[in-house]
Amino acid sequence: MLTGNMLAGGRLVQPLVYMQRLELVRNVCREDTLRNLSHTAVSKFVLDRIFVCDKHEILFCQTPKVGNTQWKKVLIVLNGAFPSIEEIPESVVHDHEKNGLPRLSSFSDAEIQKRLKTYFKFFIVRDPFERLISAFKDKFVHNPRFEPWYRHEIAPGIIRKYRRNRTETRGIQFEDFVRYLGDPNHRWLDLQFGDHIIHWVTYVELCAPCEIKYSVIGHHETLEDDAPYILKEAGIDHLVSYPTIPPGITAYNRTKVEHYFLGISKRDIRRLYARFEGDFKLFGYQKPDFLLN
């Protein structure tokens, strides 16, 4: 007997995989030893990450560097701000005054609880270390959106505190970034950086997966299957489709990860893993032993 739904191209998508992901989260949330790494308060910080589409009763938790821009476009269209994804100007997508996407934090407590209980809720994850590489490249190396504060304010703050060789004058290196993220006392810098930290804090801190009962968790690595599944489960697949995914863009790239971590001390990598261990375990990502041992 076949379970699952046929997709274009005759591929079979097993809803089983989505049930297993949620089951894994439930099990890891119960592990006492991981409690500090898996639980977080549903604070304003979390509620600010969750975008609301009341028209179709959908909540989407934003996990930057995991193809979120495209999901925001989907919701902007569903909310009726623009007739199609192609017509949304890039400058509007992240402009919260103009994109017509309310955040869950903008509602009263009772309204928040009602939506959390009854709406379709989802978010997307990817290999945690690969996401950090993407955040580093996007914010400190290329910065396509012209956000000068990453290079001129945040990078110098990280270098001042975490650069080993004080005489070195190069711009921020991935090694500096890793040392900052793996520092158990990273919070005092985080407070100075404000909401910019959303690009590299854990999925746990962003979306509170042990506190909020999500309907679907998508994986960047299987987005070709997950995106249509999410649209179908949310009951909106007849209204909007996820933008075309360029081939090969979602695949995990171990060579890239090895390249970035080359020359970074095992101690620093282990401290980084210790901070992101909850993300690895909750979402079934393999511990990167090839970097740690």
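Modeller: Let's start with helix H6. This is a predicted model. On H6, the face turned away from the buried side carries Ala110, Lys117 and Thr118, which are exposed.

Colleague: What makes Ala110, Lys117 and Thr118 count as exposed?

Modeller: Exposed stands for over 50% relative accessible area. Ala110, Lys117 and Thr118 are classed as exposed, so each of them is over that cut-off.

Colleague: Which residues of H6 are buried?

Modeller: In H6, residues 109-118, they are Ile112, Arg115 and Leu116. Buried requires under 20% relative accessible area.

Colleague: How do you know that the buried residues of H6 line one face of the helix?

Modeller: Look down the axis of H6. The buried residues fall within an arc of 100°, so they line one face.

Colleague: Why do you say the largest pocket lies between domain 1 and domain 2?

Modeller: Both domain 1 (12-128 + 202-234) and domain 2 (133-200 + 253-275) give residues to the lining, so the pocket lies between them.

Colleague: How do the lining residues of the largest pocket divide by type?

Modeller: Into 13 nonpolar, 16 polar and 14 charged. Gly counts as polar in that scheme.

Colleague: What volume has the second largest pocket?

Modeller: About 330 Å³. Its lining has 20 residues; the closest to the centre are Asn36, Leu37, His186, Arg187 and Arg275. By type, the lining divides into six nonpolar, eight polar and six charged.

Colleague: Which helix gives the most to the lining of the second largest pocket?

Modeller: H14, with six residues. Helices H2 (35-38), H9 (174-182), H11 (203-207) and H14 (266-282) each supply at least two.

Colleague: How many residues does the lining of the second largest pocket draw from each of domain 1 and domain 2?

Modeller: At least three from each.

Note on methods
Residues numbered from 1 in each chain as written. Predicted model: local features only at pLDDT ≥ 70, side-chain atom pairs only at ≥ 80, totals over all residues. Heavy atoms only, no water. Domains from an automatic or database assignment. 1 Å grid on protein atoms, 1.4 Å probe; cavity = no way out; pocket = protein on both sides within 12 Å on 5 of 7 lines; lining within 4 Å. Points joined across faces, edges and corners; volume = space filled by probe spheres on them. Helix = DSSP H or I, 4+ residues; strand = E, 2+ residues; numbered from the N terminus. Buried < 20%, exposed > 50% of the residue type's maximum accessible area, 1.4 Å probe, protein only. Arc of directions from axis to C-beta.
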